[in-house]
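Reader: I want to learn how to read a model like this one. Can we go from the whole chain down to single residues?

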Amino acid sequence: MFTVNHFIWLGISIILITGLLILSLKLKLNKHQAISIMCIISILSELCKVFSHIKYVNGVDWTEGGVITPNALPLHLCSLFIFVFFFLFFNKNEKIEKHIISFFVPIGIVAATLALLLATSGVEFNKPQPYQCFIYHSAMVYLALYFIVTKQVTITFKDMMINIVVLFALSIVMIWVNGAFRTYDTNFFFVVRPPADNLPFLNLNDGWYAYYFRLLLTGLLLEIIFSIPYLINGSIKETNK
């Protein structure tokens, strides 16, 4: 599964995540500045994705123009956060910000790390897609770690349940979206098929319904496991009041 190129990319990702985090802490960047960094990286990432996925309209030449392939639309879980980052940048409501951060951080740590490990965009160094994938997801991990290290994350039981419901609802929506784009073989949220072949648990060996159930179960368990330390910490604080 892992190749030399993949290990090199993972090394680059670790350096990028660590470097951004150390630099942010050393310069004492506030959360708005950290979000600004994420917004800049998001813009560069999306521009790279857009212009590397332009195809002929007629499938032959440029006589009828160029169009982006639906596979490049920002509709994967991590990609959707591009809009969230810009909302956070302009948002002034601290209560809303708190809820968004509680939703983002588990995904920024778990989903973005899995994206780095699975490397669905490839690991070549002569194509733009891996650069976009690894740099963007590394930045997501950085921002999530920044929120954790600077103690800006609080996840209550209510937050956890809202996160689970939102993720489930999004998975249903993406079933519709993938159906609408079925001609283009999209796989947003990986609800059509697994992100990689021969995965031990997330596979189609027992059919699609079993796979979708396992996908939801995996997301549920990861969300709960990530939230447990915050739930325990919150419970301790309530007891000590």
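Author: We start with the overall fold and then turn to single residues. Keep in mind that this is a predicted model.

Reader: Which secondary structure elements make up the protein chain, and in what pattern?

Author: The protein chain has seven helices and two strands. Read along the sequence, the pattern is α-α-β-β-α-α-α-α-α.

Reader: How does the radius of gyration of the protein chain sit against that of a compact globule?

Author: The idea is to set the value against an expectation for the chain length. For 241 residues, a compact globule would have a radius of gyration near 18 Å. The protein chain has 19 Å, so the two agree. As for extents, the C-alpha trace spans about 70 × 45 × 40 Å along its principal axes.

Reader: What share of the residues is buried?

Author: Buried means under 20% relative accessible area. By that cut-off, 39% of the 241 residues of the protein chain count as buried. The accessible surface comes to about 13,700 Å². Carbon and sulfur atoms account for 70% of that surface.

Reader: And among contacts between residues at least 6 apart in sequence, what percentage join residues at least 24 apart?

Author: In the protein chain, the figure is 67%.

Reader: How many charged side chains are there, and how far apart are the centres of the two sets?

Author: There are 16 positive and 12 negative side chains in the protein chain. The centres of these two sets lie 11 Å apart.

Reader: Now single residues. Where is Ser-24, and is Ser-24 buried or exposed?

Author: Look up the element, then the accessibility. Ser-24 is in helix H1. Its relative accessible area is 1%, so Ser-24 is buried.

Reader: What are the polar partners of the Ser-24 side chain?

Author: One is a backbone atom. The backbone oxygen of Leu-20 lies 2.7 Å from a polar atom of the Ser-24 side chain. Another is a side chain: Ser-24 makes a polar contact of 2.7 Å with Tyr-142. Beyond four places in sequence, Ser-24 touches Leu-29, Ile-37, Tyr-142 and Tyr-146.

Reader: Which residues does Leu-20 contact beyond four places in sequence?

Author: Leu-20 is in contact with Ile-37, Ile-41 and Tyr-142. Leu-20 lies in helix H1, residues 4-26. Its relative accessibility is 15%, so Leu-20 counts as buried.

Reader: How do I read separation in sequence against distance in space?

Author: Take the two numbers as a pair. Leu-20 and Asn-187 are 167 residues apart in sequence and 31 Å apart in space, C-alpha to C-alpha. Lys-31 and Leu-88 are 57 residues apart in sequence, with 9.8 Å between their C-alpha atoms.

Reader: Where does Lys-31 lie, and what does its side chain join?

Author: Lys-31 lies in helix H2, residues 31-51. A polar contact of 2.4 Å joins its side chain to that of Glu-97. Leaving aside neighbours within four places, Lys-31 is in contact with Glu-97, Tyr-146, Phe-147 and Gln-152. At 28% relative accessibility, Lys-31 counts as partly exposed.

Reader: Is Arg-214 buried or exposed?

Author: Arg-214 has 17% relative accessibility, so Arg-214 counts as buried. The residue is in helix H7, residues 208-240. Its side chain makes a polar contact of 3.5 Å with the side chain of Asn-203. Leaving aside neighbours within four places in sequence, its contacts are Phe-201, Leu-202, Asn-203 and Asp-206.

Reader: Where are Lys-151 and Asp-185 placed?

Author: Lys-151 is in the loop between helix H5 (128-149) and helix H6 (157-180). Asp-185 is in the loop between H6 and H7.

Reader: And how exposed are Lys-151 and Asp-185?

Author: Lys-151 has a relative accessible area of 75%, so Lys-151 is exposed. Asp-185 has 46% relative accessibility, so Asp-185 counts as partly exposed.

Definitions and conventions. Residues numbered from 1 in each chain as written. Predicted model: local features only at pLDDT ≥ 70, side-chain atom pairs only at ≥ 80, totals over all residues. Heavy atoms only, no water. Helix = DSSP H or I, 4+ residues; strand = E, 2+ residues; numbered from the N terminus. Buried < 20%, exposed > 50% of the residue type's maximum accessible area, 1.4 Å probe, protein only. Contact = heavy atoms within 4.5 Å. Polar contact = N/O pair within 3.5 Å; in protein donor to acceptor, adjacent residues only side chain to side chain. Rg over C-alpha atoms; globule rule 2.2 N^0.38 Å. Areas by Shrake-Rupley, 256 points an atom, 1.4 Å probe, with all protein chains shown as cover. Lys, Arg positive; Asp, Glu negative; His and termini not counted. Charge placed at Lys NZ, Arg CZ, Asp CG, Glu CD.
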